[in-house]
Each structure stands twice: as C-alpha cells, then as structure tokens.
Amino acid sequence: MFHLIWYILIGLIAGIISKSVMHVHMTLIWTIVLGIIGSIVGGAVTHIFSRPANERFHPAGLLFSTLGAILVLYVCFKLRIHFPQVSFP
C-alpha cells in the first residue's frame with residue numbers, strides 16, 4: 001500500500017516539475033498520470049544502463065521520473081496531443 005502512495009507522490013512531484021519546465025497547464029489528475037508515465041519511461045531507461053540486483057524492477061527516482069515526464073510532454077507536443085487544461089475564471 002505504501003508503494004502506491006509513493007508512486008502517486010513521486011508522480012505528482014515529477015509532473016509538476018515537468019509541466020513547469022515545458023509551460024503546460026493541465027489538471028491535477030493528468031499531472032499525476034504524466035509523472036507516473038514519466039517514472040515508467042525513466043525506469044525503463046535506467047534499467048537499460050544499470051540492471052537492478054533483484055532483476056525485477058528498477059526505481060527511476062525523482063530525477064529520471066522528471067526527465068521521462070519531460071520526454072513524454074515533448075513527444076505529445078510534437079504529435080499535437082493536448083491534455084485537458086485548467087480553466088481560469
């Protein structure tokens with residue numbers, strides 16, 4: 001259970017940092033989803049270069065989660081995929 005909360009928290013932080021760097025406005029749920037997807041991408045990249053001891057899962061960490069989320073936003077920008085934006089009153 002704690003792992004799920006940890007994934008959501010790291011996903012939120014990585015999503016906030018990456019959407020701030022890429023100047024994208026999106027809802028909180030999409031920010032968390034972006035961070036979790038970025039964590040999966042960052043974990044896959046770090047798994048290529050450094051294999052974990054248990055051969056199952058390599059945690060990406062905050063740095064690679066953020067870089068993965070920035071990469072996901074960049075690809076979405078190039079493919080013209082738009083996220084639901086926050087509407088300011």
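One term before you click: a contact here means heavy atoms within 4.5 Å. Helices (H or I, at least four residues) and strands (E, at least two) are DSSP runs, numbered from the N terminus. You're looking at a predicted model, where local features need pLDDT of at least 70 and side-chain atom pairs count only at pLDDT 80 or more, while totals for chains, interfaces and linings use all residues. Residues are numbered from 1 along each chain as its sequence is written, and side-chain values use heavy atoms, with hydrogens and water left out.

Start with the whole chain as a cartoon. You'll see three helices and zero strands, running α-α-α from the N terminus. Of the 89 residues, 29% count as buried (buried is under 20% relative accessible area, exposed over 50%, partly exposed in between, with a 1.4 Å probe and protein chains only).

Next, select residues 28-49, which is helix α2. Its 22 residues reach 32 Å from first C-alpha to last, close to the 32 Å expected at 1.5 Å a residue (the expected span is 1.5 Å times one less than the number of residues). Now colour Thr31, Ile32, Leu34, Gly35, Gly38, Gly42, Gly43 and Thr46: these are buried. The buried residues of α2 pack against α1 and α3.

Zoom in on Gly38, in helix α2. Is Gly38 buried or exposed? Gly38 is buried, with a relative accessible area of 0%. Leaving aside neighbours within four places in sequence, Gly38 touches Phe64, Ser65, Gly68 and Ala69.

Hop over to Ala69. With neighbours within four places in sequence set aside, Ala69 is in contact with Ala14, Ser18, Leu34 and Gly38.

Now show side chains for Met26, Leu34, Ala69, Val72, Leu73, Cys76 and Phe83, the largest nonpolar core (buried Ala, Val, Leu, Ile, Met, Phe, Trp, Tyr and Cys residues joined through side-chain atoms within 4.5 Å). Helix α3 (residues 61-78) gives the most to this core, with four residues.

Seven of the patch residues come from helix α1 (residues 2-21), the largest share. Click Ile13 in helix α1: Ile13 is partly exposed, with a relative accessible area of 33%.
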